[in-house]
Amino acid sequence: QVQLEESGGGLVQTGGSLRLSCAASNSIFRIHTMGWYRPAPGGQRTLVARITFNDGRATYAESVQGRFTISRDNTEATVYLHMASLKPENTAVYYCHTDLKNPTGFTEVWGQGTLVTVSS
């Protein structure tokens with residue numbers, strides 16, 4: 001089973017930057033996408049950014065477009081989220097997520113989450 005290890009959360013002032021990292025281990029050849037989610041007001045996790053491993057195609061939430069950049073290192077099975085021009089509303093627990101290919105579709109795996117706090 002793939003395991004995800006997150007790092008990089010912390011406290012930053014408004015306008016500052018942080019970089020989150022998420023490293024996958026075990027069966028990494030099955031990775032289809034990796035990305036970051038955060039809780040939405042209703043409780044469900046909502047996409048922040050996601051990247052497809054085979055072609056590097058990235059998808060962003062509209063609210064972070066132009067400020068956040070997702071990238072990946074296929075060799076290390078690691079995804080990075082560079083967060084710039086941070087705002088207090090970006091404060092959240094950020095969860096790493098991956099979709100793994102399997103014979104019948106995809107399996108989701110979640111990380112434990114890393115807290116990002118943006119002070120005003």
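This section describes the strand pairing, side-chain links and selected residues of one predicted protein model.

The model is predicted, so that local features need pLDDT of at least 70 and side-chain atom pairs count only at pLDDT 80 or more, whereas totals for chains, interfaces and linings use all residues. Residues are numbered from 1 along each chain as its sequence is written, and side-chain values use heavy atoms, with hydrogens and water left out.

Secondary structure elements are DSSP runs numbered from the N terminus, with helices (H or I) of at least four residues and strands (E) of at least two. Two strands are taken to pair if DSSP finds at least two bridges between them. An open sheet of 4 strands is found, in the order S1-S3-S8-S7 and with antiparallel pairing. Strand S1 (3-7) and strand S7 (68-73) form its edges, each pairing on one side only. Direction ignored, neighbouring strands of this sheet are turned by 15 degrees against each other on average; the axes are lines fitted to C-alpha atoms, for helices over the stretch in contact, and angles run from 0 to 180 degrees between N-to-C directions. In general, strands of a sheet pair through backbone hydrogen bonds, either parallel or antiparallel.

Within this sheet, S7 and strand S8 (residues 78-83) run antiparallel and are joined by 6 bridges. Phe68 has Met83 of S8 as its bridge partner, and Ser71 stands opposite Tyr80 in S8. The two strands S7 and S8 form a hairpin with 4 residues between them, and Ala77 in the turn has a positive phi of about 50 degrees. S8 is also joined to S3 by 6 bridges, again in an antiparallel arrangement; here Ala23 is the residue opposite Thr78 of S8.

A disulfide is assigned where a pair of cysteine sulfur atoms lies within 2.5 Å, and the count comes to 1. The disulfide is formed by Cys22 and Cys96, with the sulfur atoms 2.0 Å apart. The link of Cys22 and Cys96 is left-handed, with -90 degrees about the S-S bond. Because Cys22 lies in strand S3 (residues 18-25) and Cys96 in strand S9 (residues 92-102), the pair ties together parts that are 74 residues apart in sequence. Both Cys22 and Cys96 are buried, where buried means under 20% relative accessible area, exposed over 50% and partly exposed in between (1.4 Å probe, protein chains only).

Rings of Phe, Tyr and Trp (its six-membered ring) pair if their centres lie within 6.5 Å, and planes under 30 degrees apart count as stacked, over 60 as edge-to-face and the rest as tilted. By this rule there is 1 aromatic pair. Tyr37 and Trp110 form this edge-to-face pair, at 5.2 Å centre to centre and with 75 degrees between the planes. Since Tyr37 belongs to strand S4 (residues 31-39) and Trp110 to strand S10 (residues 105-110), parts that are 73 residues apart in sequence are tied together by the pair. Tyr37 is buried, at a relative accessible area of 12%, whereas Trp110 is partly exposed at 30%.

Arg45, located in strand S5, is partly exposed with a relative accessible area of 35%. Contact is defined as heavy atoms within 4.5 Å. Neighbours within four places in sequence aside, Arg45 is in contact with Tyr37, Arg38, Pro39, Ala40, Tyr95 and Trp110. The C-alpha atoms of Arg45 and Tyr94 are 9.2 Å apart, and the two residues are 49 residues apart in sequence.

Thr52 also lies in strand S5 (residues 45-52) and is buried, with a relative accessible area of 7%. Residues up to four places away in sequence not counted, Thr52 touches His32, Thr33, Arg57 and Arg72. Arg57 in turn takes part in a salt bridge with Asp55 (3.7 Å, N to O). The total is 1 salt bridge, on the criterion of a side-chain nitrogen of Lys or Arg within 4 Å of a carboxyl oxygen of Asp or Glu. Arg57 counts as exposed at 52% relative accessibility, and Asp55 as partly exposed at 46%.

Most residues other than glycine have a negative phi. Ser27, although not a glycine, has a positive phi of about 55 degrees; its place is in the loop between S3 and S4, and Ser27 is partly exposed at 27% relative accessibility. Ser85, likewise not a glycine, has a positive phi of about 50 degrees. Ser85 is located in the loop between S8 and S9 and is partly exposed, with a relative accessible area of 41%.
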